[in-house]
Amino acid sequence: MYEVKSFELKEGQKVSVSDFPRVSLAHTPTPLESMPNLTRLLGGPDLLVKRDDCTGLAMGGNKARHLEFYFGEAVAQKADTVIITGAIQSNFARQTAAAAAKLGMACHIQLEHRVPITAPEYEASGNVLLDRLLGATIHYFPEGGDETAADKALEDIADQIRAEGGNPYVIHLSADHPPLGALGYVIGAGEFLDQAAERGLAIDAVVLPSGSAATHAGVLVGLKSRNSDIEVTGVCVRRNKDRQFERVFRQATAVAEMAGCPEAVSKDDIHVTDDYLGPGYGQSTPGMLEAMTLAAREEGLILDPVYTGKSMAGLIGLVRSGHFKSGQTVLYLHTGGTPAVFGYSSMFGDL
Ligand SMILES: Cc1ncc(COP(=O)(O)O)c(C=O)c1O
């Protein structure tokens, strides 16, 4: 049903993204739209939005592009089960459960207590409700801040599945593992470059949320591999800017190697800001709430509080501070997260 090429790197062999097994999961190309009302309101550069909230796969988001490569490898390894970890309201886990269902595999999701919210809808609505509807088996993990321990716990689940005769495939979280899924954004960056070129638009800058940094790294490598020097700003959603800078560099170096253009990304290409992070991952800020309401009421766009609300707050802040100026064109990468709005509804009491 799904054609998959197996991939084995021979010594000295040059690799490219097309060498990696990949299954088709995302609805692409996603639309590239203008945001005329927000552009007018902020009075700065022309603002575009790349609608990766429209990638399909159980309500969209950036991880659909990542999963094309993870599931490519899983299918090539004849896995029957996929295992993933994430925060309770993880969008990655929800889309993994959808991909597993579509490909006839079982899915085990480990949900980490990463955010200090105990509202009942946080634990049961939004992405969690969809995980259950999609038939995933849910495990819980108490140490939300420790990625290595979370990955280790995934291996324990995998061992258990193997002991029962299954063949599990693990999608790891920590930066010790190459971010295979980032290859989806090497392609995604090429996609928006082509869309802009078709319309005669020159993009000056990209703003995106930077979490595991796979999306950020993939976009950077995708642009560099097309000889583009468009500035990419990652808005930190989990770590401070020093730690995130190192993580983006490490991941971009790994992605560049996988994509056959080693050393394409230098430290000078990496821009991160933690001015919009607030107290931490998944925690509310006034800027995020303003960004979510402005995007909804000016452009009809639904953002989420964890990733896209904060990255939109970053875009707005960078326009207001004069970092982006009129005459420029800035692309905002909408990475999805829509179902999380329902899980975090306790944050919106003042609307
Ligand atoms: C909606 C959304 N946007 C952005 C991100 C961050 O992407 P990355 O982990 O590739 O940095 C995530 C991660 O889960 C996400 O769910």
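This is a predicted model: local features need pLDDT of at least 70, side-chain atom pairs count only at pLDDT 80 or more; totals for chains, interfaces and linings use all residues.
Let me begin with a definition: a residue is called buried if 20 or more other C-beta atoms lie within 10 Å of its own.

Staying with A58, its place is in the loop between β2, which spans 46-51, and α2, which spans 63-76. The phi angle of A58 is near 60 degrees, a positive value in a residue other than glycine. In the loop between β2 and α2 we also find M59, where phi is near 90 degrees, again a positive value in a residue that is not glycine. M59 has 21 other C-beta atoms within 10 Å, and so M59 is buried.

Another backbone feature involves T28 and P29, which are joined by a cis peptide bond with omega at about 0 degrees; P29 itself belongs to the segment before β1, the strand covering 32-34.

Let me now turn to the domains. The protein chain is divided into domain 1, made of 17-61 together with 179-348, and domain 2, made of 63-171. Taken over C-alpha atoms, the centres of domain 1 and domain 2 are separated by 23 Å. To the contact between them, domain 1 gives 34 residues and domain 2 gives 33 residues. On the side of domain 1 that touches domain 2, at least two residues come from each of α7 (183-198) and α12 (340-343). Sorted by class, that side of domain 1 holds 18 nonpolar residues, 15 polar residues and one charged residue.

Notes. Residues are numbered from 1 along each chain as its sequence is written. Domain bounds come from an automatic or database domain assignment. Two residues are in contact if their C-beta atoms, placed from the backbone, lie within 7 Å. Helices (H or I, at least four residues) and strands (E, at least two) are DSSP runs, numbered from the N terminus. Ala, Val, Leu, Ile, Met, Phe, Trp, Tyr, Cys and Pro count as nonpolar, Asp, Glu, Lys and Arg as charged, and the others, Gly among them, as polar. A residue is buried if 20 or more other C-beta atoms lie within 10 Å of its own, exposed if 12 or fewer, and partly exposed in between; C-beta atoms are placed from the backbone.
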